[in-house]
Structure formats: C-alpha cells, structure tokens
Amino acid sequence: MGSDGVRKPRFLCLHGFRTSGEILKTQLHKWPQSVLDNLDLVFVDAPFPCEGKSDVEGIFDPPYYEWFQFNKEFTEYTNFDECLKYIEDCMIKHGPIDGLLGFSQGAILSAALPGLQEKGVALTKVPKVKFIVIIGGAKFRSPLVVDKAYSPPISCPSLHFLGEIDFLKKYGMELLESCVEPVVIHHPKGHTIPRLDDKSMTTVMDFIERIKKEVSI
C-alpha cells in the first residue's frame, strides 16, 4: 500500500527467451528506484528449462528458462497451452495481479494475453488484465493466435519500449497498430531494457499515475 493509501499496481513480470525471473529483475534495476518503488513487481521463471544455448550465457548466470518453443518462422508453437496455464497458475498464486510486464518473448506473451483472456482462451480463472508494459515486443504470427489476441484491438492501457536498433522494432511497430492509444517510448539501444532518461522517466511516471486509478484499494 502506498503512502497515499492506494495499492501499488502489481505486475507479473515475464522474462525473455532463455533467461530467468532473476535476470529480468537485474535488468529492470537499470531503472531508478523512484520508479520501481511505485510498482509491485512479481518475478517468475518460465515453465520450461532452456533447450539450447542462451544469448545471455557469460553475462548472466544460469539456470535459463523458456516460455514455449517455436519454429523458425514463429508460426508454430510447442507447449503454448501449457505456458498459458502456467501463467494463470502464477497469477492465482501471486494475486491479485493487475498487469503484465514483459521483455522479448515475455513481451510477446504479455501483449497477447489480454485479448486471449477477453476471448476466453486464457486466464479464465483470474481477474481481467488491466494494463501491460511491453519491452522489445512483437505480435504472434500464427493465424490461430492472431485472430483471438488482437481482434478487437488491445484496449487496456499499454506502455511500449521500442529500440531504434532492436531487431524486433519493425514487429513492435506492428503491435502498436493493434493497440488502442498505446504510450510509446523510443530509445537508441537494441534488444534490451533501456535506462530511462528525463523524458522517458516522465512518460513512465505519468503512465504509473494513470494506472494507479485502475487499481482497487
């Protein structure tokens, strides 16, 4: 509970492909403590141990995990239903969860889940996802997921970070087209969680103040 009597927005944080909840926690600590103090962040590991080499090997210590597996074209997914069930179980265990914060593979999931929940395909046993924070995200490509996740457009408040040299930037831009009035922060880096400059700090804090109103005491 914050000093003003309002509960902090609680986010379930979904890490990137072949990393971990602990790694995402470390990555987010690039952000000022004044931002982090306004959020209640819950970090979990994905359900499946890493099935190949991790891009963060040598930078962050193992173990590494992945949310689901996919083909080269990112049109077919393995263990996807199990992943959705696992996220729902995490939301029950750590609830009440207000929103989702995701990076990379976790961001792709976070952006799709409100729509999948709306269609009754996922998260049927937990309260509605009220807002999302997407860092280095994109859309799913399988028509089976696309039809349910992004139609109608994502209407909950969403904050998106787009890196100028991120290999997913093009796909992150496509995701914006499926969101109603997304808030966007551009940064000069690649596929990473960026530090916040004064301008992006202001945008993030404005977003936090906005979503606090969505959180019941």
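This is a predicted model: local features need pLDDT of at least 70, side-chain atom pairs count only at pLDDT 80 or more; totals for chains, interfaces and linings use all residues.

**Pockets and cavities**

With four residues, β10 contributes the largest share of the lining of the second largest pocket.

**Second largest pocket**

- The volume of the second largest pocket is about 280 Å³.
- Its lining comprises 16 residues, among which I185, H186, H187, D197 and S200 are the closest to the centre of the pocket.
- Two elements, β10 (183-187) and α7 (198-212), each provide at least two residues of this lining.
- By class, the lining of the second largest pocket consists of six nonpolar, five polar and five charged residues.

**Largest pocket**

- The largest pocket holds about 680 Å³ of space.
- It is lined by 31 residues, and those closest to its centre are F17, S104, F167, L168 and H191.
- Helices α1 (21-28), α4 (105-118) and α6 (169-176) are the elements that give two or more residues to the lining of the largest pocket.
- Twelve nonpolar, ten polar and nine charged residues make up the lining of the largest pocket.

**Largest cavity**

- Two cavities of 30 Å³ or more are counted in the model.
- The largest cavity has a volume of about 50 Å³.
- Its lining is formed by F11, W31, L39, L101, V133, L159, V204, F207, I208 and I211.
- The element that gives the most to the lining of the largest cavity is α7, with four residues.
- The lining of the largest cavity has ten nonpolar residues, with no polar and no charged residues.

**Second largest cavity**

- A volume of about 30 Å³ is computed for the second largest cavity.
- The residues that line the second largest cavity are I134, G137, H160, F161, L162, G172, L175 and L176.
- Strand β9 (158-163) and helix α6 are the elements that give two or more residues to the lining of the second largest cavity.
- The lining of the second largest cavity divides into five nonpolar and three polar residues, with no charged residue.

- Helix α6 gives two or more residues to the lining of the largest pocket and two or more to the lining of the second largest cavity.

Notes
Residues are numbered from 1 along each chain as its sequence is written. Side-chain values use heavy atoms; hydrogens and water are left out. On a 1 Å grid over the protein atoms alone, a cavity is a set of points where a 1.4 Å probe fits but cannot get out, and a pocket is an open set with protein on both sides within 12 Å along at least five of seven lines; lining residues have an atom within 4 Å of a point. Grid points are joined across faces, edges and corners, and a volume is the space filled by probe spheres set on the points. Ala, Val, Leu, Ile, Met, Phe, Trp, Tyr, Cys and Pro count as nonpolar, Asp, Glu, Lys and Arg as charged, and the others, Gly among them, as polar.
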